[in-house]
Amino acid sequence: MKLSNPDAVSVYTVSGGAGKTLPDWLARRRKRNLKDDLEYQNRVELLQDFEFESASMRIRISEDGNWVMSTGTYKPQIHVHNLPELSLSFARHTTSLNQSFQILSNDYTKSIHLQNDRKIEFHTPMGCHFETRVPRYGRDILYDRHSTEALIPAVGYDADGNGEVFRMNLEQGRFMRSYHVDLGEPDVGEGLQGGINAASVNVGAIAETTHNLLAFGTSIGTVEFWDPRSKARVARLAGHDGGVTALNFNPNGLSLATGSSNGIIQIFDLRRPVPLLRKDQGYGFAVHKLIHMTTASQERKILSADKKIIKIWDEATGEPWTSAEPTVDLNDVAWCKDSGLILTANEGSAQHAFFIPQLGPAPKWCSFLDNLVEELAEEARPETYENYKFLTIPELKSLSLAHLIGKTNLLRPYMHGFFVASKLYDQARLIANPYVWEEERAKRVKDKIEKERESRIRGKKKVKVNQKLVDRLLKKQENRETVDVTAGILGEDRFGKMFEDEEFKVDETSWEYRLINPSAAAATSLAASSANNGAGSKRSGKRDSDDESSDEEVPIKRREKASTKTKAKDEVVMKVSSSQRRGSARDSALGSRISQSGRVTKPRAENVVGEQSMSFVPESKKAKKQEQQQLLPTRTKRSDARRSASGNTFRRM
């Protein structure tokens, strides 16, 4: 499917301009070769044989939504499609070209057709049931269900110099007295039948769901309103530029949309002659179709179509909403009610079908369109233009394609880069990074999981004051399927100022907050002490800071000091112990032994920046040994008369 307007309201071309169609005379070998054609493989065939040999003229959808009837040429024929089966039910040929038609029954079984040779044909499932003629060529055909009358606006003047809308009563089977519409004074030579530029009643509309008022648009730019009960004219609306070619009543019956032959669309309130809104279709062609729509979000829109484009715009403001432009000229448009699918009758063999997801869901008979649209939205690459991708020179170098610049037509220069065929780009990217597909797939899976997780358990609410408190309250609802942002104090008006006024801001550094939330205060103090532990030498140089602190800071500092002591117990502190100092009951820290040893610390300069340096003078070992010997008790020498325990006599020498 081809996507248009990706940045605004997306429009998908389901059939008619998205894929290739194969003629019947195409050889079987050619069909086998198309298996490698990417465009042919990705085509979507919405309805079987949804096409005509040359062109389609009119299209209608039955009231029950299960049948589509369309007429076309060449040869003149009628196609009826069964929508639940997605297939062509039957095709029927006629002797003349169809001008317009209406479906009389709830399904396709009864229909009335206006042919371009002044014939009116009644068709049933078996074929053409009955045919008759009207006195002059008809331009449109309507069906009044309340009076069972077929209304045919016609060309030319009657004997009294008025235009006519023929009435054929289907219950009695005969023509009734016509509605006489004012077409102005006839020109010389027009006669009763009329000429090429003869005045005519172009189009009609019926307010079926409300007051059943009839409206007829003329070639002189007027609209006449008739009451079918009294068979009399009730009002006349003038002031159109050119002839009126399209009419459509609002479902509420209070307003009427008109389209002229020069592309001007106006909306009139039936209670005033001044238009509420005036809009230009833009191309200057006659407006073929006007439809009042209601989107899935209950917004009122109007569809207007000429032979070049379909536009959907806001009924109240006239701002454009989206548009669909087929590749051929349009003849008629039909909308599947309460859905986003639009079918067209147009020049060219294939009939077009457009799907707008924001207008409504897909009809139940083609619900697979919703899944296709979701897949295309995930795989959409807006930087790819048709079958080419735009690359800059650095990107070409990264793909090892820079050597092709100026040597081949595979790179088409454009502005500051080149257009490269999408197939060549995909192959080069796969060679440069063989794992690109796996990485892309893993990334999409991760993004989808995160999106589902966020939508399931996380709630977001932005406030001016105390955002941390709101986040903490919403975090408590993580185990729930949905997060309610109005639960508790978040939804009560009594606590509204707590999240809007700055005076209600919670001060997490205050003494009261630390008493109420000891765990948060301990965590904050621990983080602060660990951050300040590395800067202990800098804080040691700061003097007289405690004297300047306020009384409120004293308890905080005490708590920080206590927390620091608690942390110091858990930490490993290096100490120096000596086996010679047996008199000491416990080992002292390394810093406490500096003053007791014989080390001499040099005075520190005031302006010295950097690490602290220390020096000491070692004691003499000989002097220390003499000092220890003096402390020992003196021993008396043994007498010579005492016998030695040793048998070595040389030891006493």
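**Confidence of the model**

Begin by colouring the protein chain by pLDDT, the predictor's confidence in each residue, from 0 to 100. The chain averages a pLDDT of 79, and 71% of the residues score at least 70. Select residues 537–554 next: the pLDDT is below 50 there, and beyond near neighbours in sequence this stretch has five contacts in the model, a contact being heavy atoms within 4.5 Å. Residues 566–570 also have a pLDDT below 50, with two contacts beyond near neighbours in sequence. Where pLDDT is low, the predicted coordinates should not be read in detail.

This is a predicted model, in which local features need pLDDT of at least 70 and side-chain atom pairs count only at pLDDT 80 or more, while totals for chains, interfaces and linings use all residues. Residues are numbered from 1 along each chain as its sequence is written, and side-chain values use heavy atoms, with hydrogens and water left out.

**A hairpin**

Ile 61 has Val 68 of β4 as its bridge partner. Five residues lie between the strands of this hairpin, and Gly 65 in the turn has a positive phi of about 75°.

**The largest cavity**

How many cavities of 30 Å³ or more does a search of the whole structure find? There are two; a cavity is a set of points on a 1 Å grid over the protein atoms alone where a 1.4 Å probe fits but cannot get out. The largest holds about 50 Å³ of space, a volume being the space filled by probe spheres set on the points. Select its lining residues (an atom within 4 Å of a point), among them Met 69, Phe 90, Tyr 108 and His 123. Strands β5 (77–82), β6 (87–93), β8 (111–115) and β9 (119–124) each give two or more residues to this lining.

**Asn 250**

Finally, select Asn 250, in the loop between β19 (244–249) and β20 (255–260). Is this residue buried or exposed? Asn 250 counts as buried, at 6% relative accessibility. Asn 250 touches Ser 255, His 292 and Glu 315, not counting residues up to four places away in sequence.

Terms used:
Two strands pair if DSSP finds at least two bridges between them. Helices (H or I, at least four residues) and strands (E, at least two) are DSSP runs, numbered from the N terminus. On a 1 Å grid over the protein atoms alone, a cavity is a set of points where a 1.4 Å probe fits but cannot get out, and a pocket is an open set with protein on both sides within 12 Å along at least five of seven lines; lining residues have an atom within 4 Å of a point. Buried means under 20% relative accessible area, exposed over 50%, partly exposed in between (1.4 Å probe, protein chains only).
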